[in-house]
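Here are my notes on the model, point by point. Please keep the structure open as you read.

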Amino acid sequence: MLRTPLLAAARSTGVRKLVEANPLTAAVVDRFVAGTTPEDAVSATRSLRDQGLHVTLDHLGEDTLDSAQAAGTVRAYQRMLAELAEAGLADRAEVSVKLSAVGQFLPTDGEKIALDNARLICEAAAAAGTTVTLDMEDHTTTDSTLGILADLRVDFPWVGAVLQAYLHRTEGDCRDLATAGSRVRLCKGAYAEPASVAFQDKQEVDRSYVRCLKVLMNGEGYPMVATHDPRMVAIAGDLAARARRSPETFEYQMLYGIRPEEQRRLAADGNKLRVYVAYGDEWYGYFMRRLAERPANLAFFLRSLVSS
Ligand code: FDA
């Protein structure tokens, strides 16, 4: 019930000022965000590596309308990738990029600028010896993001994409992308979307997730099963076994701070588990989506405000 207002608040400058100004927010944000600097990102990666886990790093930021800020985001990724390589961790961590953080929404030539900027990040990732996955944002960006993915994959065939099971179109997108060398991260979807494009009922989203998983597991690509849902994790394992996939041919993914014991359990059982680690100052939108996902996250936040 609170999902829609929280997701609306995720894009409200007024609420953002209120939440950011509250000194008590920081402690809760820390649960989901690994710090603000590239050093924090590297240190979180090292700690997760020591627990047998893999990582994808997200330099927080989205929806920029300022080309200088978009260029700053590219530099932040370049610096972080260099530090990752320097620390000998590039075989354990890749990066996740939101195209709206590197210019996709700029009013003039936004898509071209986002493509050029994403290309710079891919070059830095290649130099470091790792890969890039493009995050997926609201449905108005899906065609543009998949178009940029196709352009990038000409030179960087290892670039991956996220598909969101709540969109009606996604089963078809899975079919298109379940090809050799194609890395697809399947999630349920975190934005407020209208019924014209997205399933609204949780059970329908779950059923779509399973249909998409079947396509990806039976295809020739590399499925990345991004969910904390124990049912989806179990079904993914069954489908992988039925498709005779070995553990190196797909992976599970979860967000930093969510079900950490389950992350370690899956890895200890011989699966590849990658943790999505967000860091940086621009945590507001990411944080609000985490609150919207789960009443318990919101309750934890509200309790911390009341009890302090
Ligand atoms: P859901 O929220 O439906 O929860 C199902 C069940 O999982 C719960 O009933 C509970 O059992 C368990 N569970 C969930 N959260 C838990 C918690 N905090 N503690 C304990 N149990 C919990 N979205 C998007 O739109 N674009 C993107 O690019 C990405 N990228 C992305 C990357 C990665 C690696 C992940 C894991 C997720 C994303 N997402 C995303 C977010 C995604 O769309 C979705 O909003 C969240 O993962 C929540 O959905 P779940 O699949 O976890 O299940």
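1. A word on the annotation before it is used. UniProt positions are given here in the numbering of this chain, feature names are shortened, and annotations may be inferred rather than shown by experiment. With that in mind, an unreviewed UniProt entry lists residues 43-300 as "domain: Proline dehydrogenase". Over residues 43-300 the chain is 48% helix and 16% strand. The end C-alpha atoms of that stretch are 26 Å apart.

2. Confidence. This is a predicted model. The protein chain averages a pLDDT of 94, and 98% of the residues score at least 70. The model's ipTM is 0.98 and its pTM is 0.95. Where pLDDT is low, the predicted coordinates should not be read in detail.

3. The ligand shell. Which residues come nearest to the ligand? Of the 24 residues around the ligand, they are D135, C187, T227, H228 and D229. By class, the shell has 11 nonpolar, 6 polar and 7 charged residues.

4. Where the shell comes from. Strand 4 (160-164), strand 5 (183-187) and strand 7 (251-255) each supply at least two residues. Strand 7 gives the largest share, 3 residues. Both domains take part: domain 1 (1-33 + 288-308) and domain 2 (34-282) each provide at least three residues of the shell.

5. The nonpolar core. The largest one has 91 residues, and A118, I121, L186 and V277 touch the most other members. Helix 6 (residues 110-128) gives the most to this core, with 8 residues. Why does the core lie between domain 1 and domain 2? Because both domains give residues to it. In soluble globular proteins, nonpolar side chains tend to be buried together.

6. P247. This residue sits in the loop between helix 10 (230-242) and strand 7. P247 and G270 are 23 residues apart along the chain, and their C-alpha atoms are separated by 7.1 Å.

7. D281. Look in the loop between strand 8 (273-279) and helix 12 (284-293). Is D281 buried or exposed? D281 has 12 other C-beta atoms within 10 Å, so it is exposed. Its C-alpha atom is 8.8 Å from that of H59, although D281 and H59 are 222 residues apart in sequence.

Note on methods. Residues numbered from 1 in each chain as written. Predicted model: local features only at pLDDT ≥ 70, side-chain atom pairs only at ≥ 80, totals over all residues. pLDDT = per-residue confidence, 0-100. Near = placed C-beta within 6 Å. Helix = DSSP H or I, 4+ residues; strand = E, 2+ residues; numbered from the N terminus. Nonpolar A, V, L, I, M, F, W, Y, C, P; charged D, E, K, R; others polar. Domains from an automatic or database assignment. Core = buried A, V, L, I, M, F, W, Y, C linked by C-beta atoms within 7 Å. Buried ≥ 20, exposed ≤ 12 C-beta atoms within 10 Å, placed from the backbone.
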